[in-house]
Amino acid sequence: MRRRKFLALTVFGVASGAVGCGSDLELVRLASGEVGGFYHAFAELLAAVAQEAGTVRIEPVTTTGSQDNLGMLANGQVDAALALADSVQSERAPLVALGRVYENYLQLAVRSEGPIQQVTDLRGTRVNLGAAGSGAAVTGERLLWAAGVNPVSDVDISHRPLRDAVAGVESGELDALLWAGGVPTDALDVPQRLRLVELGELAAPMRERFGHLYDLVEIPADAYDSSRSVRTVGVANLLLAAPTMSDAAAGAIVDLLVSRADRLVPAEAAGTQFLDTRSLIGTDAVPLHPGAAAVYRRRHG
């Protein structure tokens with residue numbers, strides 16, 4: 001079943017009360033991302049399994065991405081948020097994590113028959129570096145710097161939502177877009193109308209210049225029914241919580257991450273995304289919420 005259909009059915013079940021109301025449970029508002037992206041899909045799936053389990057209520061909040069999410073978490077608009085690790089790195093407000101939930105893949109998309117073959121070809125072009133408030137806006141500039149492309153003077157940068165950016169590239173209004181998300185991303189019509197540019201050679205320069213948060217990863221050929229795999233840069237995603245979240249709510253969410261892991265990755269992303277305790281506890285410099293840490297210790301010592 002394709003993700004859109006599955007999520008539509010899931011949301012309908014939640015909205016119709018098919019799995020019980022759970023109105024007396026603690027409510028956690030979760031800042032997610034753009035519709036069509038992995039953040040949004042993950043949040044909807046987590047909300048669905050939470051309602052089935054009947055231990056906590058999760059309300060996904062649609063946003064533009066990591067930076068927007070961090071701002072909402074800092075000012076108390078939400079109780080939890082998804083964010084790229086490099087966006088978290090520059091955040092000054094105290095943060096705690098519930099887990100490292102999966103890997104985001106940087107995807108530089110250009111027209112299939114267009115001339116752009118590498119990042120240095122972006123000089124003098126119009127490039128969309130994620131929506132305003134997204135993590136891609138931060139990571140994209142770092143990617144350009146690592147490639148020796150000045151994001152201030154060498155390219156014309158815009159910040160449109162994903163679907164608007166895709167339409168702009170396909171129409172020729174834009175030359176390229178950078179998206180940080182899971183694979184496949186349905187909005188990217190690869191390989192028919194769009195093509196992904198290799199970024200793997202920039203993983204090491206990004207690590208050297210900006211820290212160890214960037215990994216060399218590979219988008220499998222079958223992710224987009226393409227004839228070739230694409231090496232790119234991966235960035236971890238963290239599921240963050242407000243320090244004021246109760247231990248009970250934090251523990252309930254971690255229980256879902258561990259016990260319902262197979263339900264929290266859309267079927268088409270199997271093989272490129274996974275959840276297990278070894279990856280979940282790898283939140284780097286962000287400490288685990290005490291309630292989350294207690295569950296990890298209880299389950300795995």
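Visitor: Which residues line the second largest cavity?

Guide: This is a predicted model. In it, the second largest cavity is lined by Glu34, Asn128, Gly130, Ala131, Arg160, Pro161, Leu162, Ala165, Leu177, Leu178 and Trp179. The space inside is about 40 Å³.

Visitor: Which strand gives the most to that lining?

Guide: Look for elements that return more than once in the list. Helix 6 (162-171) and strand 7 each supply at least two residues of this lining. Strand 7 gives the most, with three residues.

Visitor: How do the residues of that lining divide by class?

Guide: Sort the residues into nonpolar, polar and charged. For the second largest cavity, seven are nonpolar, two polar and two charged.

Visitor: How many cavities of 30 Å³ or more does the structure hold?

Guide: There are four cavities of 30 Å³ or more.

Visitor: Which residues lie nearest the centre of the largest cavity?

Guide: Tyr39, Thr64, Gly65, Trp179 and Ala180 lie nearest the centre. In total, 17 residues line the largest cavity. By class, seven are nonpolar, nine are polar and one is charged.

Visitor: Which elements each supply at least two residues of the lining of the largest cavity?

Guide: Helix 2 (38-53), strand 4 (96-111), helix 5 (135-146) and strand 7 (176-181) do. The largest share, three residues, comes from strand 7.

Visitor: Now the helices. At what angle do helix 8 and helix 10 pack?

Guide: Read two things for a helix pair: the angle and the distance between the axes. Helix 8 (residues 247-259) and helix 10 (residues 290-300) pack at about 45°, and their axes are 7 Å apart. Helix 8 is therefore oblique to helix 10. The crossing of helix 8 past helix 10 is right-handed.

Visitor: Which residues make the contact?

Guide: From helix 8 come Asp247, Ala250, Gly251, Val254, Asp255, Leu257, Val258 and Ser259. From helix 10 come Pro290, Gly291, Ala292, Val295, Tyr296, Arg298, Arg299 and His300. By class, this contact has eight nonpolar, four polar and four charged residues.

Visitor: Which residues of helix 2 and helix 8 meet?

Guide: Helix 2 brings Phe42, Leu46, Val49, Ala50 and Ala53. They meet Ile253, Leu256 and Leu257 of helix 8. This contact has eight nonpolar, no polar and no charged residues. Leu257 also takes part in the contact of helix 8 with helix 10.

Visitor: Now the backbone. What kind of peptide bond joins Val183 and Pro184?

Guide: Read the omega angle. The bond between Val183 and Pro184 is cis, with omega about -5°. A cis peptide bond also joins Val190 and Pro191, with omega about 0°. Pro184 lies in the loop between strand 7 and strand 8 (194-196). Pro191 is found in the loop between strand 7 and strand 8 too.

Visitor: Is phi of Asp225 positive or negative?

Guide: Phi of Asp225 is positive, near 55°, in a residue other than glycine. Look for Asp225 in the loop between strand 9 (214-219) and strand 10 (230-241).

Technical notes:
Residues numbered from 1 in each chain as written. Predicted model: local features only at pLDDT ≥ 70, side-chain atom pairs only at ≥ 80, totals over all residues. Heavy atoms only, no water. 1 Å grid on protein atoms, 1.4 Å probe; cavity = no way out; pocket = protein on both sides within 12 Å on 5 of 7 lines; lining within 4 Å. Points joined across faces, edges and corners; volume = space filled by probe spheres on them. Helix = DSSP H or I, 4+ residues; strand = E, 2+ residues; numbered from the N terminus. Nonpolar A, V, L, I, M, F, W, Y, C, P; charged D, E, K, R; others polar. Axes fitted to C-alpha atoms, helices over the stretch in contact; angles between N-to-C directions. Parallel < 35°, antiparallel > 145°, perpendicular 65-115°, else oblique. Left-handed = near helix turned anticlockwise from the far one by under 90°. Contact = heavy atoms within 4.5 Å.
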